[in-house]
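I opened a new notebook page for this one.

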Amino acid sequence: MKFISSAVGRCLNLFSWEEVRPVHGLGPTMLAAALSERFGFQTRPTFPLVSDASAKFTDGAAVVDGTLIAIHKLESYTDGLGVDCTNTDDAKLVLDEIFKWARAELGFRDFIRPPKDIFISHITVEFSPDFKNIFKSWVKIQALLNASTQDRYGFDKNVDLYRLQWRGDPHTIVNNALVSDFWIERKAGEPHSENRWHCSGPLPTQELIDLMQTLEGLALDGS
């Protein structure tokens, strides 16, 4: 497998706002205005904001330990904050910087209970041509699909593996779409012969890269 790029790394910080708000209070509009100015967001929510409303900011930046980090998106929710950067390491650094600044400049308090981090990564990789052998019976499955469509619609090219998705049961896993959703899909605009795939999973970016490497290894072992 060849790693091509990381498109998005999200770190979602879940916590209770009532535990960290300044003792003397801070309204959502004031907080949003301060965030916009401090991190240079080019798109901001419409003011004034109502209490407990979600808010989205895009195209900002933060300097952390001398390194400029682009912030694709910041979203506030009733139960936390989410930051999108190019990878999850950067997103986590930006979130930590936001809380550090908020405590120093706005009077935010320390967390009483540690916040819960949820990570989501989107990467592009190039799999081996034999990745399709993740299904041991793929040749037979493909032949079955080809036979069902080629004569009917007048083409002679293979029906290829295009998308796979795995997700936990919503009846047994809380927030299953957030914490258990994995998918891989061929990159649009690329010929199938290039084997470029978009991959997504609820993991830090490097861990998702490692997981895709392992998944490819299992497919090749079964070829």
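How much space lies in the largest pocket? I looked it up and got about 290 Å³. I keep in mind that this is a predicted model.

**Entry: largest pocket**

I listed the lining next. It has 19 residues, and W17, R21, P28, L31 and A53 are the closest to the centre of the pocket. I then asked which elements supply them. Helix α2 (28–39) and strands β2 (55–64) and β3 (67–77) each give at least two residues to this lining. Helix α2 gives the most, with four residues. I sorted the lining by class as well: 13 residues are nonpolar, four are polar and two are charged.

**Entry: second largest pocket**

I put its volume at about 190 Å³. I find 14 residues in the lining, with P129, K132, D160, R186 and N195 nearest the centre. The classes here are five nonpolar, six polar and three charged.

**Entry: helix α6**

I checked the length of α6, residues 205–221. With 17 residues at 1.5 Å each, the helix should span 24 Å. Its end C-alpha atoms are 25 Å apart, so the two values agree.

Which residues of α6 are buried? I noted T205, L208, I209, M212, L215, E216 and A219. These cover an arc of only 120 degrees around the axis, so they sit on the same side of α6. On the other side I found L218 and D221 exposed.

I then traced what the buried residues of α6 pack against. The partners are β1 (2–14), α3 (88–106), β5 (116–126), β6 (163–166), β7 (182–186) and β8 (196–201).

Most residues other than glycine have a negative phi, and most peptide bonds are trans. I looked for exceptions.

I found a cis peptide bond between F47 and P48, with omega about -5 degrees. P48 is in the loop between α2 and β2.

D65 has a positive phi, near 55 degrees, and is not a glycine. I place D65 in the loop between β2 and β3. Is D65 buried or exposed? Its relative accessibility is 78%, over the 50% cut-off, so I count D65 as exposed.

N175 also has a positive phi, about 55 degrees, without being a glycine. I find N175 in the loop between β6 and α5 (176–179). Its relative accessibility is 45%, so N175 goes down as partly exposed.

Definitions and conventions. Residues numbered from 1 in each chain as written. Predicted model: local features only at pLDDT ≥ 70, side-chain atom pairs only at ≥ 80, totals over all residues. Heavy atoms only, no water. 1 Å grid on protein atoms, 1.4 Å probe; cavity = no way out; pocket = protein on both sides within 12 Å on 5 of 7 lines; lining within 4 Å. Points joined across faces, edges and corners; volume = space filled by probe spheres on them. Nonpolar A, V, L, I, M, F, W, Y, C, P; charged D, E, K, R; others polar. Expected span 1.5 Å × (residues − 1). Buried < 20%, exposed > 50% of the residue type's maximum accessible area, 1.4 Å probe, protein only. Arc of directions from axis to C-beta. Contact = heavy atoms within 4.5 Å.
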